[in-house]
Amino acid sequence: MRPRMEVALGPLRLRNPVMTASGTCGSGLELAPFADLSRLGAVVGKTVTREPRIGNPPPRTFETAAGMLNSIGLQNPGIDRFLSGVLPEVVASGYPFVANIAGESVEDFAALAARFEAVRGTLPVAGIEANLSCPNVAGGLDFSVDPRRAAEVVGALRRATTLPLLAKLSPNVTDVRPLARACEEAGADAVTLVNTYLGAAVDWRRRKPVFGRVMAGLSGPAIKPLALFQVWRASSAVRIPVVGIGGIMDAGDALEFLCAGARAVQVGTALFRTPTAANDLLDGMERLLEEEGIADVNDLVGTLRPRAEPAP
Ligand code: SIN
């Protein structure tokens, strides 16, 4: 029998736990010719900011041994053009869409959420994911390394909207648990982790960094074990759901994240290689759960059993 796949991120009900990761498929319209996005739990859009951003100068991506580095710099058309020129098409397309937003200040975040709240009657989004953790713009990590600042943003967002609210956190901290707790206490419905790990690439012959800012964000299979650990750690510290992300390439990876405590997963880098990766992964999850006799995907969430400590 096909397993039940519906999951809930607080008030956000998803038909299954498979989401696309922000920044990996635009608003979804770019991916729609290749994959049926209406089958997914949700598409998370590229970050939108108050003003348009042209992003960082090229090169912006670099392939590594087991992943990729990016330094896009939050290129996006800005909220006005997004609401008038992109969101209507997204809503007409009918797939569940979570808007991802970022700002340079608490006010920026709140103003962006208020814009989505204001068009809720005509252009509804399923939820808002606050990008507190972009490593590729000045100050992009500020809200994700200090629990008080994370709470300020999430608190302001909570006051600005009743839409389901996810806070996307950085792994570039000593301990992600205080950040996740701060978001929970400030009113987030879920936390998403992890954003990319800080990394660099070097052109040694030219004695130059590949990226203008030297640092970039590492994603892909290289970070999967690191991300799995962060998800396990955070999910043991909060009661709100955790959305796991980081190097998920296939159904087995996704099920590992659920076992480690994630209620849903996001697929990112895999989409650059295979545009149908999220759909393929969903099919594979259903098959593996059925083979394992798991009737409801929720029954797997957080079932990781740490081995007993070896006897002294
Ligand atoms: C970028 O636009 O630079 C990537 C976004 C992110 O890592 O949050």
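Residues are numbered from 1 along each chain as its sequence is written, and side-chain values use heavy atoms, with hydrogens and water left out. Because the model is predicted, local features require pLDDT of at least 70 and side-chain atom pairs count only at pLDDT 80 or more, whereas totals for chains, interfaces and linings use all residues.

The shell around the ligand consists of K46, N70, I72, G73, L74, N131, C134, P135, N136 and N195, a residue being near a molecule if one of its heavy atoms lies within 4 Å of it. By class, this shell comprises 4 nonpolar, 5 polar and 1 charged residues (Ala, Val, Leu, Ile, Met, Phe, Trp, Tyr, Cys and Pro count as nonpolar, Asp, Glu, Lys and Arg as charged, and the others, Gly among them, as polar). A polar side-chain atom of K46 lies 2.6 Å from a ligand oxygen, and a polar side-chain atom of N195 is 3.0 Å from a ligand oxygen. For G73, a polar backbone atom is found 2.8 Å from an oxygen atom of the ligand. Taken alone, the ligand exposes 260 Å², of which the protein buries 92% (Shrake-Rupley method with a 1.4 Å probe; for residues, only the protein chains shown count as cover).

Pockets were defined on a 1 Å grid over the protein atoms alone, as open sets where a 1.4 Å probe fits, with protein on both sides within 12 Å along at least five of seven lines; lining residues have an atom within 4 Å of a point. The largest pocket has a volume of about 460 Å³ (the space filled by probe spheres set on points joined across faces, edges and corners). Its lining numbers 32 residues, with S22, T24, N70, N195 and T196 closest to the centre. At least two lining residues come from each of β6 (67-70), β16 (262-267) and α8 (269-273) (DSSP runs numbered from the N terminus: helices, H or I, at least four residues; strands, E, at least two). The lining contains 12 nonpolar, 18 polar and 2 charged residues.

The second largest pocket, of about 300 Å³, is lined by 20 residues, with T49, R53, G103, E104 and V137 nearest its centre. Its lining is divided into 7 nonpolar, 7 polar and 6 charged residues.

The peptide bond from P58 to P59 is cis, with omega near 0 degrees; P59 lies in the loop between β4 (43-44) and β5 (61-64).

How values were computed:
Polar contact = N/O pair within 3.5 Å; in protein donor to acceptor, adjacent residues only side chain to side chain.
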